[in-house]
Amino acid sequence: MGTESENNGVLKEGFLVKRGHVVQNWKVRWFVLKSDRLLYFKYEGGKRDSCHRGTIPLSDCKITCPYLEYENRPLVIKLQTSTSEEHFLESCTREERDEWAAVIGEVVQKLKPHDAQTPSPSQIKGSTSLQLHNVNLSQVVDSMYDVHTGIRLCSHVEQGSSYSNCFSGSAVVDWLVFNKLALTRVEAVTLASALLDESSLRPIGIRSTDALRNAALGEQFLDDSTALYCFSQSFQKRGSVKAEKSRSAVELSGKVVKRGYLLKQGHKVKNWKVRLFVLRAEPGFLHYYDPSKDDITPVGSISLRGCLVSALDDNGIPSGVKGKVQGNLFKIITQTDTHYYIQAPTHEERMDWIQAIRQLT
């Protein structure tokens, strides 16, 4: 989904999830960025068959990135056109979200008159604007809850006692810094202390509880791998911890290696649907989610242990594949001989996914 300036004036193209205008549901669309507008299509079997669904004019468009108003959707960009029409677009990764915002921002700048080429703060509200003094704590907690990009809930043992659905102080600090919600570890500790003070987080175990009870105000949150914390009961979103328990905790505990939108052929009804795929290592699993739903539970999972993955011939329709598809297909065969047929948007992405999966089999 990289920049493709040589392709008929296309600056960037790829899948994004768009919120509807009338019925405010979320649907996956194929977006194509041109020099003055953003087109979106319903993806039907391949790019060439896509059905044009709408156009977003970019002259005097305002971009908000990140836009953190949607629970369980922390990767949204908001575009506000010159006529104040608002569009909400969700990406699959932070990097992809920021890249879309940057490339759209460049288009908006080029469309300005030459005497107004300097970006205004209201034109692009980037991640760096999210400084500590104006952080919305509830938005931070929502982002921490996100099952794909949020903080990992783990099980820890401290002095013989076992704690589940928790995380260490150092893991919180790592996450805040990595996601640019704090610039330094010291800032991250200050922000985490504010979350403690607001009862968004609570200490569990001896070390963190003692620190909250006995330490000075600025030292109540410990940047320490042995100090344990969890979400407060009042902040536990419906389904979040329950979803973690309903599927094997081990299965969802692996490190996220790769994420992206791919098309998957259904097992019973052989239709093709766009799914958000999340590849995890140790153990190797490929989970897929319905990006149109707010539910954070995977629709399904593929165990990669002992599986076979291979590219399918782009000439003609391979055996087992139904419908009108246009290349970039690959197949995963599991140890239990279940066959999964998957289509990537580009040849390059197909090879990237195959290579990443093979490293975990």
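Buried here stands for under 20% relative accessible area, with exposed for over 50% and partly exposed in between, using a 1.4 Å probe and protein chains only. In soluble globular proteins, nonpolar side chains tend to be buried together.

The model is a predicted one, in which local features need pLDDT of at least 70 and side-chain atom pairs count only at pLDDT 80 or more, while totals for chains, interfaces and linings use all residues. Residues are numbered from 1 along each chain as its sequence is written, and side-chain values use heavy atoms, with hydrogens and water left out.

Strand S14 (residues 272–281) also holds Arg275, which is buried, with a relative accessible area of 13%. Leaving aside residues up to four places away in sequence, Arg275 touches Gly260, Tyr261, Leu262, Tyr288, Tyr289, Asp290 and Pro291, a contact being heavy atoms within 4.5 Å.

The chain as a whole has seven helices and 19 strands, taken as DSSP runs numbered from the N terminus (helices H or I, at least four residues; strands E, at least two). Of its 361 residues, 52% are buried.

Turning to the helices, H2 (residues 137–145) packs against H3 (residues 169–178) at an angle of about 105 degrees, with their axes 12 Å apart, so that H2 is roughly perpendicular to H3, a description that covers angles of 65 to 115 degrees. Axes are lines fitted to C-alpha atoms over the stretch in contact, and angles run from 0 to 180 degrees between N-to-C directions. Val140, Ser143 and Met144 of H2 make this contact with Val172, Trp175 and Leu176 of H3.

H2 also packs against H4 (residues 185–197), at an angle of about 100 degrees and with the axes 11 Å apart; these two helices are therefore roughly perpendicular to each other. Here Leu137, Val140, Val141 and Met144 in H2 meet Leu191, Ala194 and Leu195 in H4.

Conventions: Parallel < 35°, antiparallel > 145°, perpendicular 65-115°, else oblique.
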